[in-house]
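Trainee: I should like to learn how to read a structure of this kind. May we look at it together?

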Amino acid sequence: MAPVLNARGIGLRFRGAAQSVLEAFDLVVEPGEFVAIVGSSGVGKSTLLRVVAGLVEPDSGTVTVTTTAAPDRRRRAIVFQDGRLMPWRDLRGNIGYGLEGLKMSAAAGRARVDKVLELTGLSDLADRYPHQLSGGQIQRGGIARALAVQPDLLLMDEPFSAVDALTRESLQDELLRLWQVSGKAVLFVTHDIAEAVFLADRIIVLAGSPAGIVMDERVGIARPRDRADPALDAIGKRIGAAL
């Protein structure tokens, strides 16, 4: 089976910058794989994710998302760290926003939104506006909006960094449940090593300028995982040493 993501030879330098952010950078993600990207602040993690999402055009190289095109879905979707819900739309309207422009009936769109509301446990909050939601509910809304377009590749840019520790763990558990149910590939950017080790099948460590892969670690620990497992801590220490 072909990789869901095949990024080859990616190069990017921002105008006026003395150094490239990325140069001859390669990345492959397999179908259904959960890949975490970690690295120090400013190394280029979020920039890489935006290149993969198609939000930033690289100066060189190619990004190929190998999925079956369909008029009623999108190949990739992104979740940002602040949820990015529009304050003038209720939760249902925010989730349905990503469906605008797709070729599907209004009834099919409503059914799609209802399905992801139920999947993310937000059905009872569908008519609330963002100011009526907690931080964790807003993040779940952002995930629901991304899932509604039925992507094969879900891109997540430090989506839990703005919530408290208990909410963060709850959202991590929720994400794993949704990932296992949906079968989507996930590319997850985080600065939190413990989060990466707990969530991912594979962890990529970025370092240097331009950014390069200094470690590509597969987490061979069965799920469900225990956050207190010494084996997870050992992997985390190896990753920390590579940063």
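Mentor: Let us begin with a turn between two strands. This is a predicted model. In the hairpin formed by β8 and β9, four residues lie between the strands, and G208 adopts a positive phi near 90 degrees.

Trainee: How many bridges join β8 to β9, and do the strands run parallel or antiparallel?

Mentor: β8 and β9 run antiparallel and are joined by six bridges. V205 stands opposite M215 of β9. β8 also pairs with β3, here in the parallel sense, over five bridges. In that pairing, A36 has I203 of β8 as its bridge partner.

Trainee: Why is β8 described as largely enclosed?

Mentor: Five of its six residues are buried, so the rest of the structure largely encloses β8.

Trainee: How should I read the helix α7?

Mentor: One may start with length. At 1.5 Å a residue, the 13 residues of α7 (residues 230-242) should span 18 Å; the end C-alpha atoms are 19 Å apart, which agrees. At the N-terminal end, D229 caps α7, with a side-chain oxygen 2.9 Å from the backbone nitrogen of A231.

Trainee: Which residues of α7 are buried?

Mentor: They are L232, I235, G236 and I239. Seen down the axis of α7, these buried residues fall within an arc of 100 degrees, so they line one face of the helix. On the other side of α7, P230, K237 and A241 are exposed.

Trainee: What do the buried residues of α7 pack against?

Mentor: They pack against β3 (34-39), α6 (193-199), β8 (202-207) and β9 (212-218).

Definitions and conventions. Residues are numbered from 1 along each chain as its sequence is written. This is a predicted model: local features need pLDDT of at least 70, side-chain atom pairs count only at pLDDT 80 or more; totals for chains, interfaces and linings use all residues. Side-chain values use heavy atoms; hydrogens and water are left out. The expected span of a helix is 1.5 Å times one less than its number of residues. Buried means under 20% relative accessible area, exposed over 50%, partly exposed in between (1.4 Å probe, protein chains only). The arc is that of the directions from the helix axis to the C-beta atoms. Contact means heavy atoms within 4.5 Å. A polar contact is a pair of N or O atoms within 3.5 Å; within protein, one must be able to donate a hydrogen and the other to accept it, and residues adjacent in sequence count only if both atoms are side-chain atoms. Two strands pair if DSSP finds at least two bridges between them.
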